[in-house]
Amino acid sequence: MPGSFDRGLGKTVDWWLVGCYLLLLLIGWLNIYASIHSTEPASIFDWSARSGKQAIWMLTAFALDLLILFVIHPRLWEVLSPYAYIGVFFLLVLVIFVSRDVKGSHSWFELGPVKFQPAEISKITTSLLLAAVMSKPAFRLTNRRHFLWVAAIIGLPMLAILGESETGSALVYVGFIFVLYREGLSGWWLFLMGMAILLFILTLIAPGWVPVAVLLAVCLGYFLQVLRNSRREERVRRRTALTRTVLAFLAGVMVVFATDFVFNNVLQDHQRKRIEVLLGLKEDPAGVGYNVRQSMIAIGSGGFSGKGYLQGTQTTYGFVPEQSTDFIFCTVGEEWGFLGCLAVILLYVFMIWRIITDADKSRESFTRIYGYCLAACLFMHLFINIGMTIGLMPVIGIPLPLLSYGGSSLWAFSVMLFIFISLDRQEKKYF
């Protein structure tokens, strides 16, 4: 480029993101060891135990990070995105038929001692293809055909993952609606999604007339607000508002009547029980509510500053199942206390904020949209996992990014993050 020059690593790589990534990995590794130290390894470097295996996953992730940052050209991701999406979607469907049942889920390929979950990789390929399609100059979300393309890109892997009985991983795809909103999708869709969730919950916990009354009040309030803000000559706006209100009311009534059918015939038995325990409809402290109860006890017992590293009784004596994976946050809560939990959450918030800030500064639409997708996936994992461990979300089995034990999740988030860092670096190399 005339009049430009190549800038060095110090000014092109977002080292704040890299540092946050490394710190979260370190915290995760230490807490994985804390969650198993009383039963498995003699040392954190015991390669036969989960802490040692996680160290291997971390080292291999570092190799992938360097490969993405210094070897693979950033523009290649946009070119390869359709092929990568199709390949991973094929794996998502294939794993349903060839994998063995693991706690009701068919989502893992097993290659000897190594297990691989394509649902983790699909977040990357979906984000890349979304960014590639939505960054086209002629793309408009208001165009019905373009909107349907985007809906298919998000919906196909989501449906395949639901077919694997991986509800938690499928829920992450709901977060892509925030990306669409950021790129110009009407807030009307967010309103509809929020109302559907509210009506589903109200139908389960309240008498039948309550959700209908709430729906009617919200729809009427929206219509009256539009009327008040519009001038008399804005007939088209009032007509559109009336049409939307009627459609929203009808859709809401359908949700209310469909809730019982979906709850009793679509959801599996363990999913129904988890929702009933979460909403207080049933008590099952020794059954489906056991994990959450023990997790909350562990977090609450940590107090303000925690019991100290390797000193947690709930952790040491193994009261919380899956503590090194889905419930790793309760290890932080018991041994590091409120301060430790706050520090971890702030690290995630800082990482998401930094990604969105870098994305907003990007001159390339592909980089910006991909950055939004990355931030949305991180947020959904953070919200669902921590909500699950403190009893605000049902137990649906989803890892805490970069902290939970597991190679598939660690590799996926490492690759996803460093693709963005690489794209961002490419833009900052010249000015």
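Predicted model: local features only at pLDDT ≥ 70, side-chain atom pairs only at ≥ 80, totals over all residues.
The protein has 431 residues, of which 47% count as buried. Its secondary structure consists of 17 helices and 2 strands. Among the contacts with a separation of 6 or more, 70% are between residues 24 or more positions apart. Ala 132 gives an example of parts of the chain brought together across the sequence. This residue is in helix H5, which covers residues 118–134, and its relative accessible area of 7% makes it buried. Leaving aside residues up to four places away in sequence, Ala 132 touches Glu 78, Ser 81 and Phe 366.Side chains of opposite charge can pair when their charged atoms come close. The count for this model is 5 salt bridges. In one of them, the side chains of Asp 14 and Arg 354 meet with an N to O distance of 2.9 Å. Asp 14 is in the loop between helix H1 (9–12) and H2, whereas Arg 354 is in helix H15, so the pair links parts of the chain 340 residues apart. Asp 14 is buried, at 3% relative accessibility, while Arg 354 is partly exposed, at 21%.

Another salt bridge joins Glu 120 and Lys 123, with 2.8 Å from N to O. These two residues are 3 positions apart in helix H5, and are therefore separated by about one helical turn. Glu 120 is buried, with a relative accessible area of 2%, and Lys 123 is buried as well, with 1%.

Lys 307 forms a salt bridge with Glu 334, and the closest N and O atoms are 3.0 Å apart. This pair also links distant parts of the chain: Lys 307 is in the loop between helix H13 (290–301) and helix H14 (313–316), and Glu 334, 27 residues away, is in helix H15. Lys 307 is partly exposed, with a relative accessible area of 32%, but Glu 334 is buried, at 0%.

Glu 335 is in helix H15 too, within residues 328–361. Glu 335 is buried but has no salt bridge, because the nearest side chain of opposite charge, that of Lys 307, is 8.6 Å away and a salt bridge needs a distance within 4 Å. A polar atom of the Glu 335 side chain does lie 3.3 Å from the backbone nitrogen of Gly 312. Beyond four places in sequence, the residues that Glu 335 touches include Ala 34, Ser 305, Lys 307, Gly 312 and Thr 315.

The structure also holds 11 aromatic pairs. The rings of Tyr 21 and Phe 418 have centres 5.1 Å apart and planes at 75°, which means that the pair is edge-to-face. Trp 16, Phe 350 and Trp 353 form one aromatic cluster.

A disulfide is a covalent bond between the sulfur atoms of two cysteines. The count of disulfides in the model is 0. For Cys 377, the closest cysteine sulfur belongs to Cys 373 and is 6.8 Å away, which is too far for a bond. Cys 377 is buried, at 0% relative accessibility, and Cys 20 is buried at 4%.

Methods. Residues numbered from 1 in each chain as written. Heavy atoms only, no water. Disulfide = S-S within 2.5 Å. Buried < 20%, exposed > 50% of the residue type's maximum accessible area, 1.4 Å probe, protein only. Helix = DSSP H or I, 4+ residues; strand = E, 2+ residues; numbered from the N terminus. Lys, Arg positive; Asp, Glu negative; His and termini not counted. Polar contact = N/O pair within 3.5 Å; in protein donor to acceptor, adjacent residues only side chain to side chain. Contact = heavy atoms within 4.5 Å. Phe/Tyr/Trp six-rings, centres within 6.5 Å; stacked < 30°, edge-to-face > 60°.
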